[in-house]
Amino acid sequence: MIALKDILYKATLNAVVGSTNIDVVAINFDSRKIENNHAFVAIRGLVADGHDYIEKAIGSGATSVVCENLPDNLVDGVTYVEVDNTSRALAIMASNFYGNPSENLRLVGVTGTNGKTTVSSLLYQLFKKAGYKVGLLSTVKIMVDEVEYKATHTTPDSLTINRYLSEMNAEGVEFCFMEVSSHGIHQFRTEGLHFEGGIFTNLSHDHLDYHSTFAEYRDVKKKFFDELSSRAFALVNADDKNGLVMLQNTKAKTYTYALKQYADYKTQILENQFGGLLLKVNDSEVWTRLIGNFNAYNVLAIYATAELLGLEKVEVLRLISDLESVSGRFQYIISDEKITAIVDYAHTPDALKNVLETINSIRTKNEELITVVGCGGDRDRTKRPKMGHIASALSTKVIFTSDNPRSEKPEDILNEIEAGVEPQNFKKTLTISDRKQAIKTACQMAQPNDIILIAGKGHETYQEVNGVRSDFDDLKIVKEFLKQLQK
């Protein structure tokens with residue numbers, strides 16, 4: 001237990017009714033989880049408003065309520081705290097409740113449209129191989145050193161973040177690498193955390209269903225760097241035109257990385273093949289099993305971060321050569337029939353373009369490149385025709401299919417994707433709504449040495465239709481179909 005006044009430390013309060021010198025057993029923003037002596041924080045969400053559940057929370061045992069507007073009817077014995085923004089207050093309260101665990105870690109946040117998972121996961125892997133106790137908060141999974149937990153969001157809610165960071169403290173974790181999404185920044189989930197560093201990968205078309213404009217999306221990312229302390233470092237991709245924008249108001253020490261122009265950390269691609277990349281990082285050569293131009297950027301970000309965190313340059317290069325690809329990020333298998341199948345999370349126009357251009361730069365052009373791709377439902381609709389345009393322009397054959405339709409009709413999504421296909425590419429395309437059937441068809445169409453790209457879902461092991469999730473694993477399914485072809 002901890003006193004409410006201590007939990008509220010550093011939070012800006014507008015009004016207090018009742019005593020803050022009371023003990024709090026737990027904090028919750030979900031009224032269904034409230035028990036005796038809990039603090040309830042009323043969050044205004046996209047679907048529901050926590051202020052509508054204050055009475056229910058008190059009925060379940062809440063002895064304190066944090067809200068943006070005091071209720072008309074105040075219950076005796078309950079402490080009410082009014083703040084401007086309950087999401088921000090929740091983050092500060094969560095950090096205080098768990099003893100400000102981020103201050104006992106060397107925490108590095110990774111933000112950007114693409115590459116967050118790869119960079120954070122490979123940094124976790126690299127520092128583990130270097131012999132450290134390490135934490136990871138990513139889309140794919142959460143790691144408290146050796147213990148794995150299932151991830152549900154790119155950036156979890158602030159209570160969950162601080163609970164895992166507290167567990168990391170208990171396990172003696174020294175470094176933690178964390179994906180920081182635009183949603184997480186906008187909803188103050190990272191407020192109150194002590195970051196030793198921030199990494200910006202790139203910025204491209206995504207999440208415009210949530211952010212009203214691209215400028216707003218960019219500025220939310222920038223806010224993360226604006227709030228870094230003077231003791232932190234800010235590392236940005238200088239080849240992205242938004243990279244230097246991120247540094248404009250930061251107090252952190254600034255560093256850049258790039259392939260195309262002058263930067264503090266620079267790399268050159270010497271070899272690019274399905275076996276991996278040979279890179280010249282600053283003045284040293286390093287071989288990595290990771291594939292493609294986009295991974296050259298990821299490797300460079302990892303190298304720079306490791307060096308900024310104090311690892312020896314030679315040791316970092318050695319560890320990079322031993323890194324394994326991240327689940328669902330350019331994972332590939334080669335069948336006995338010499339058909340290559342690649343599974344990648346590419347679900348934005350820029351990510352899809354990067355993956356297809358990478359494959360085209362490696363293949364000999366004597367083989368077919370068959371792409372299976374779709375777009376998720378209830379998400380940014382403006383990117384759908386762009387995905388259709390890119391897939392049909394850069395592949396020899398394309399099968400448009402369902403991703404996670406969610407509450408939308410798959411046919412409506414597919415129509416919007418097809419709208420981006422130019423007339424000269426119509427003959428390349430095929431539409432099969434059933435994703436499993438689409439993957440099977442791609443396997444049946446493929447000849448020896450052909451390449452199949454299955455894009456969009458990557459590490460995900462489910463398909464969501466009308467609110468129901470069923471098991472669906474792209475890699476597992478393509479392996480099964482390619483095996484059947486061998487019989």
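**Close-up views of the predicted model**

View A. Helices (H or I, at least four residues) and strands (E, at least two) are DSSP runs, numbered from the N terminus. The model is predicted: local features need pLDDT of at least 70 and side-chain atom pairs count only at pLDDT 80 or more, whereas totals for chains, interfaces and linings use all residues. Residues are numbered from 1 along each chain as its sequence is written, and side-chain values use heavy atoms, with hydrogens and water left out.

**View B. The open sheet of six strands.** The strand order is β19-β20-β24-β21-β22-β23, with mixed pairing; two strands pair if DSSP finds at least two bridges between them. β19 (331–334) and β23 stand at the edges with a single partner strand each, so one side of each has no neighbour in the sheet.

**View C. Pairing of β19 with β20.** Four bridges join β19 and β20 (residues 340–344) in the antiparallel sense. Thr340 in β20 is the bridge partner of Ile334.

**View D. Surroundings of Asn360.** Asn360 belongs to helix α11 (residues 349–362) and is buried, with a relative accessible area of 14%. Leaving aside neighbours within four places in sequence, Asn360 is in contact with Lys365, Leu369 and Leu394, contact meaning heavy atoms within 4.5 Å.

Terms used
Buried means under 20% relative accessible area, exposed over 50%, partly exposed in between (1.4 Å probe, protein chains only).
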